Amino acid sequence: MEHQQVTRLNEHILYLPANHETDRPILAAISGSNRTLLLDAGNSFAHASLFLKELSAYDLPRMEMVALTHWHWDHIFGLAGMNLPSISHVLTKHEMEKLADLEWTDAALDQRVQDGTEISFCAEMIKKEFPGSLRNGISITLPTLVFEDKLEIDLGNVTCILQHVGGDHAHDSTVLYVNEAKTLFLGDCLAPDIYARQRNYSPDAFLALLEKIDGFDADTYVESHGVPMPKSQFQQEMNEMKLMAQAVTLHRGDRDTILAELSGSWNRQWSPTDDVLLGYFLNGYDRTD
Ligand SMILES: [Zn+2]
């Protein structure tokens with residue numbers, strides 16, 4: 001696997017970039033003057049260990065906690081390897097409890113994909129991250145502390161806010177705002193629902209989620225499987241998705257009318273990615289229609 005290195009995002013934050021080979025999300029370390037908070041535990045013991053090893057080259061205040069953005073395997077399988085207390089939303093813990101008794105053999109994964117309780121993308125990535133007998137080592141460590149709605153963590157002159165936002169991707173999705181760094185970690189909350197038969201966004205849920213995100217005064221936005229983005233780029237992307245969501249609702253999922261309207265407000269060439277995203281909104285509209 002391509003070797004990845006911890007990178008400095010700003011004065012208070014270091015992060016290990018995402019790796020798409022086995023769907024490893026961004027892991028972050030946020031430090032104040034007294035303590036360090038880690039964000040997400042990684043998709044395996046190996047992922048968590050790589051992050052901790054990389055961090056050991058820095059002279060950071062004591063690592064005291066790991067916060068989780070949501071229950072999906074790629075964000076939590078590394079928790080056992082962190083050996084730290086963890087914090088999550090109460091729904092994240094509920095979902096993780098459901099994972100605790102599952103088996104992760106090829107046969108068990110394939111069966112769950114067939115039953116529709118797992119998706120082939122995650123099953124393939126789990127097989128790739130844990131080749132062969134390595135998978136016997138998967139153990140689900142449950143969060144130490146849970147919160148509802150919102151939690152503030154004082155790291156010493158740096159304050160983090162964990163806030164539950166939910167959304168289509170995972171109902172437990174939580175964002176982390178680092179106040180002094182004006183940085184908002186979004187987890188996967190802006191991703192579509194990937195567990196449905198067809199990937200989808202509910203236009204109404206997406207617009208409600210955007211409003212919650214708008215409540216944070218951030219300059220830098222970090223999506224777990226992307227690269228950190230400045231405000232201008234994030235706003236441009238979100239504005240386009242907002243236009244899509246609004247047009248899908250206004251024109252009741254009528255693709256041709258929606259495309260005609262959007263082509264008038266698009267300030268750039270309509271792209272294949274736009275087509276995919278619009279498709280997700282149309283799938284989501286059909287589900288709620
Ligand atoms: Zn996810």
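Donors, in what follows, are N, O and S atoms within 2.8 Å of the metal (3.2 Å for Na, K and Ca); water is not among the atoms, so sites may look incomplete. The model is a predicted one, in which local features need pLDDT of at least 70 and side-chain atom pairs count only at pLDDT 80 or more, while totals for chains, interfaces and linings use all residues. Residues are numbered from 1 along each chain as its sequence is written, and side-chain values use heavy atoms, with hydrogens and water left out.

## The zinc site

Let us start with the metal. His70 (NE2), His72 (ND1), His169 (NE2) and Asp188 (OD) are the protein donors of the zinc ion, at 2.2 to 2.3 Å from it. Because the angles subtended by the four donor atoms run from 88 to 177°, the arrangement is irregular. For reference, four donors count as tetrahedral if all angles lie between 85 and 135 degrees; four count as square planar and six as octahedral if opposite donors are over 155 degrees apart and all others between 65 and 115; anything else is irregular.

Along the chain, the donors of the zinc ion are spaced as H-x1-H-x96-H-x18-D. His72 sits in the loop between strand 5 (63–67) and helix 2 (73–76), and His169 in the loop between strand 9 (159–164) and strand 10 (174–178), so this pair ties together parts that are 97 residues apart in sequence. Helices (H or I, at least four residues) and strands (E, at least two) are DSSP runs, numbered from the N terminus. Both His72 and His169 are buried, where buried means under 20% relative accessible area, exposed over 50%, and partly exposed in between (1.4 Å probe, protein chains only).

## The chain as a whole

Stepping back, the protein chain has nine helices and 13 strands. Its radius of gyration is 19 Å, close to the 19 Å from the globule rule for 289 residues, so the chain is as compact as a globular protein of that length. This radius is taken over C-alpha atoms, and the rule is 2.2 Å times the number of residues to the power 0.38. The C-alpha trace spans about 55 × 50 × 35 Å along its principal axes.

Of the 289 residues, 52% are buried. Among contacts (heavy atoms within 4.5 Å) with a separation of 6 or more, 60% come from residues 24 or more positions apart.

Two strands pair if DSSP finds at least two bridges between them.

Five of its five residues are buried, so strand 10 is largely enclosed by the rest of the structure. Thr174, Leu176 and Val178 lie on one side and Val175 and Tyr177 on the other. Strand 9 and strand 10 run antiparallel and are joined by five bridges; here His164 has Thr174 as its bridge partner. On to strand 11 (residues 183–187), the pairing with strand 10 is also antiparallel, over three bridges. Tyr177 is partnered by Leu184, and Leu176 by Phe185. Four residues separate the strands in the hairpin of strand 10 and strand 11, where Lys182 takes a positive phi near 45°.

## Some buried residues

| Residue | Relative accessibility |
|---|---|
| Ser88 | 0% |
| Ile26 | 4% |
| Thr220 | 18% |

Ser88 lies in strand 6 (residues 86–89). Setting aside residues up to four places away in sequence, Ser88 touches Leu68, Lys93, Pro143, Leu145, Val146 and Phe147.

Thr220 belongs to strand 12 (residues 220–223). Beyond residues up to four places away in sequence, its contacts include Leu9, Lys182 and Met229.

Ile26 is in the loop between strand 2 (13–16) and strand 3 (27–31). Ile26 and Gly226 are 200 residues apart in sequence, yet 7.8 Å apart in space, C-alpha to C-alpha. Leaving out neighbours within four places in sequence, the contacts of Ile26 include Tyr15, Leu39, Val222 and Gly226.

Finally, helix 5 (residues 120–129) has Cys122, Ala123, Met125, Ile126, Lys127 and Glu129 as its buried residues. Their cover includes helix 1 (45–55), helix 2 and helix 4 (106–115).
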